[in-house]
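Here's a quick tour of one protein model, written for someone meeting this kind of thing for the first time. Have a look at the picture, then work through the points below.

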Amino acid sequence: MTDWFSQHGIELAAFVLTFVVTIVGWFLEHRSSKEQNREREDDIRLLRKQLDSLQRQAATLEEQTAMQRADHDRPPFSDAECIRGSIRRIRIEGSRNVHVESVTPPTDTYMFHLNTHLPDDFAPTETIEYVISSPGPVELFWRWADEPNMSLRRLRRASYKPA
């Protein structure tokens, strides 16, 4: 047996050294791998939180956009206000300029007169004034001023709203 060790001792020592180095290397690599895996899991958690936050922001922006579109496209006219006597005023509301083609009274009205020149473009807060003898609704034919190819829309507004 001593003879065998003397002949193969170096090979055995190299084998044992290789075996020990392999085990130590595997252990160190395994520990390093666990640390990297923890770091990756932390990164994934952080990215998921960021993704959730961005999805909430996107949903909020979609809601805001929908509300702005609804406000942007809603008819831009107030109800008619009584100025004095039979004189009425309709105010342009909203954020867009509007082109008003005409304002027509109900058919049973015997007196109707526009104090505002039509057709014309109106900016927000401007008014259309008219004199009317009956409290029936008036019809406005309008379109957005920045959309000249848009077909005219028809809108009925009450002709009397006490001041």
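Predicted model: local features only at pLDDT ≥ 70, side-chain atom pairs only at ≥ 80, totals over all residues.

- Let's start with strand S3, which covers residues 98–104 and pairs with strand S5 (residues 120–122) in the antiparallel sense, over three bridges.
- S3 also has strand S7 (residues 138–144) as a partner: six bridges join the two, and they run antiparallel.
- Which residues face His99? In S5, His99 stands opposite Asp121, and in S7 the bridge partner of His99 is Arg143.
- Zoom out and you get an open sheet of four strands, in the order S5-S3-S7-S8, with antiparallel pairing.
- A handy rule when you look at any sheet: in a regular strand, side chains alternate between the two faces.

**Arg96, a buried arginine**

- You'll find Arg96 in the loop between strand S2 (87–91) and S3.
- Is Arg96 buried or exposed? Arg96 has a relative accessible area of 6%, and because buried means under 20%, Arg96 counts as buried.
- The side chain of Arg96 makes a polar contact of 3.0 Å with the side chain of Asp146.
- Another polar contact, this one of 2.7 Å, joins the side chains of Arg96 and Glu147.
- Arg96 and Glu147 also form a salt bridge, with their closest N and O atoms 2.7 Å apart.
- Arg96 sits in the loop between S2 and S3 and Glu147 in the loop between S7 and S8, so this pair ties together parts that are 51 residues apart in sequence.
- Glu147 is partly exposed, at 33% relative accessible area, whereas Arg96 is buried.

- How many salt bridges turn up in the whole structure? A search finds six.
- One of them brings together the side chains of Asp42 and Arg45, at 2.4 Å from N to O.
- Asp42 and Arg45 are three residues apart in helix H1 (residues 2–73), which means about one helical turn separates them.
- Asp42 is partly exposed, with a relative accessible area of 41%, and Arg45 is partly exposed too, at 45%.
- Glu81 and Arg91 form a salt bridge as well, and their closest N and O atoms are 3.9 Å apart.
- Since Glu81 lies in strand S1 (residues 81–84) and Arg91 in strand S2, this pair ties together parts that are 10 residues apart in sequence.
- Glu81 is partly exposed, with 24% relative accessibility, and Arg91 is partly exposed at 28%.
- Which residues link up with Glu81 in a network of salt bridges? Arg89 and Arg91 do.

Methods
Residues numbered from 1 in each chain as written. Heavy atoms only, no water. Pairing = 2+ DSSP bridges. Buried < 20%, exposed > 50% of the residue type's maximum accessible area, 1.4 Å probe, protein only. Polar contact = N/O pair within 3.5 Å; in protein donor to acceptor, adjacent residues only side chain to side chain. Salt bridge = Lys/Arg side-chain N within 4 Å of Asp/Glu carboxyl O.
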